Amino acid sequence: MLRNKITGRYLWLLCLISLYTTSCNQPDEKVERPNIIFIMTDDHTTQAMSAYGSVINQTPNMDRIANSGIRFDNAFVTNSICAPSRAVILTGKFSHLNGVINNAQTFDGSQQTFPKLLQASGYQTAMVGKWHLRSDPTGFDYWNILPGQGHYYNPDFIEMGERSQREGYVTTLTTDYALDWVDKRDKEKPFYLMLHHKAPHRNWMPDTKHLNMYDDVDIPMPDNFFDSFENRGTAAETQEMSIVEDMYEIYDLKLMYKTAEKNVDKAFERIVGRLNPEQRKAFDEAYADENEAFRKANLTGEALGKWRYQRYIKDYLRCVASVDDNIGRVLDYLEANGLRENTIIVYTSDQGFYLGEHGWFDKRFMYEESYRTPFIVSYPKTIDKGTVSEALTMNIDVAPTLLEYAGVEVPDDLQGRSLKTVMNNQGKEPENWREATYYHYYEYPAEHAVKRHYGVRTKDFKLMHFYHDVNEWELYDLRNDPKEMKNVFDDAAYQDVKTELLEELREQQKLYGDSIQSQNPVEMLREVSK
Ligand code: SGN
Ligand code: CA
């Protein structure tokens, strides 16, 4: 009897406690919140992903993510360059508001970011790999980052403020550290992990195990590789990102032996100086025969262009292969530990990249290849397998999307829109979805000489304005000219489209609070350092 009374009271107390915790803890702890892994590469573009129909390589592990979830075919960045893209993702705000308009600026880590909001709501948070925002990461329980651009071989890492050199290949090490953290986490709480790879950023140094991949094949070349830039503006013509003219023979193309005795490129020497003797031997041997044959062949003109393209693209794809292998390790880990079902996995890049289109490497332009970014998401619990979405999205949407999935209120000042409805509804856009995306690039004068520009893109057209030391407009009909080879801004047949897009541009600038004047002229004049 007495025993029953005590049990009764105890149960009543338990009920009270549980009622209290349910109403006080936001969000409702009874609902299991998803884990989130946000994987981002540096300069990986959709043309080199089989999930997006690549004709030059296979990425089977990235396909595992896409096939088990959703692929966004119209995912764009707001400013196609590294640090700005990262700041946009963290804050959900355009560059002119988050303070990082180019790679030279330091991210103010005291501002609101979505990892901070996740952390405050009870998530364990970690950031591993390339960070590139100059200030230390904030909002993470654990961080282990590459200083600046980081190195491919035996890179330094800064782990919670302590810098040391690690032995190994950067993509594998970054994955190792990320998985170690996931493994050691508090298993009672959901986690959020940012896993940021350096690869496949310039100067494309493959892991030793991939050095001979693609040795015996010819990678197809884009048909506009030898572009004459007719019917385009000054900016496309005066850029310095040509594979033929602007790539360094030693640093980029690994022609170590061409001028080895007299003129070894100093930057490259410093980088290969990090390799241990075994790595160095594998590296040197991998290129030796081809370099020798190249030296004897004395190629010129188109033949030289083709050779340079093959050397570039193969190294780029070899770096991608390592990313893909390591994504496979992450997926295997999640599957082996029963975490696949309740983990949202995002795979994206800080922007797209040119793989020889227009004869280019690098990014920065609002032209399709560097404007579009890969964006695939898997969350088996609510996203149907094999979904494809045409919805126009931007990287400002990452923050609100992940906050909403985590059950955290999305602050009003975020400029992006949550993609949760799109994802949970077979990729379909709600009726009031945006009809255009907005872009603004500022880093000029700077490396690669891509002029400042801003613009809007609808599903069918793109309008761009290049400014600062030029004043030129470009308009492309993406339905009939998807490779953007002909500017139709002054074409009489497009006058109505032009008027509409100019109006759209004004609306977008109003919506996001941007204008050419929003830049800080003093900051703009600072030399952009590497
Ligand atoms: C380095 C590269 C550039 C590249 C920028 C920005 N040059 O400066 O080719 O555009 O990074 O890249 S290098 O000689 O140092 O390799 S970003 O992805 O970090 O924005
Ligand atoms: Ca980048």
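Visitor: How many nonpolar, polar and charged residues are in the lining of the second largest pocket?

Guide: The lining of the second largest pocket has ten nonpolar, six polar and nine charged residues. Here Ala, Val, Leu, Ile, Met, Phe, Trp, Tyr, Cys and Pro count as nonpolar, Asp, Glu, Lys and Arg as charged, and the others, Gly among them, as polar. This is a predicted model, in which local features need pLDDT of at least 70, side-chain atom pairs count only at pLDDT 80 or more, and totals for chains, interfaces and linings use all residues. Residues are numbered from 1 along each chain as its sequence is written, chains are lettered from A and ligands numbered from 1 in written order, and side-chain values use heavy atoms, without hydrogens and water.

The second largest pocket holds about 620 Å³ of space, a volume being the space filled by probe spheres set on grid points joined across faces, edges and corners. It is lined by 25 residues, with Thr46, Gln47, Glu357, Glu369 and Lys483 closest to its centre. A pocket is an open set of points on a 1 Å grid over the protein atoms alone, with protein on both sides within 12 Å along at least five of seven lines; a cavity is a set where a 1.4 Å probe fits but cannot get out, and lining residues have an atom within 4 Å of a point.

There are three cavities of 30 Å³ or more. The largest cavity holds about 80 Å³, and among its 13 lining residues Thr348, Thr373, Phe375, Met394 and Asn395 lie nearest its centre.
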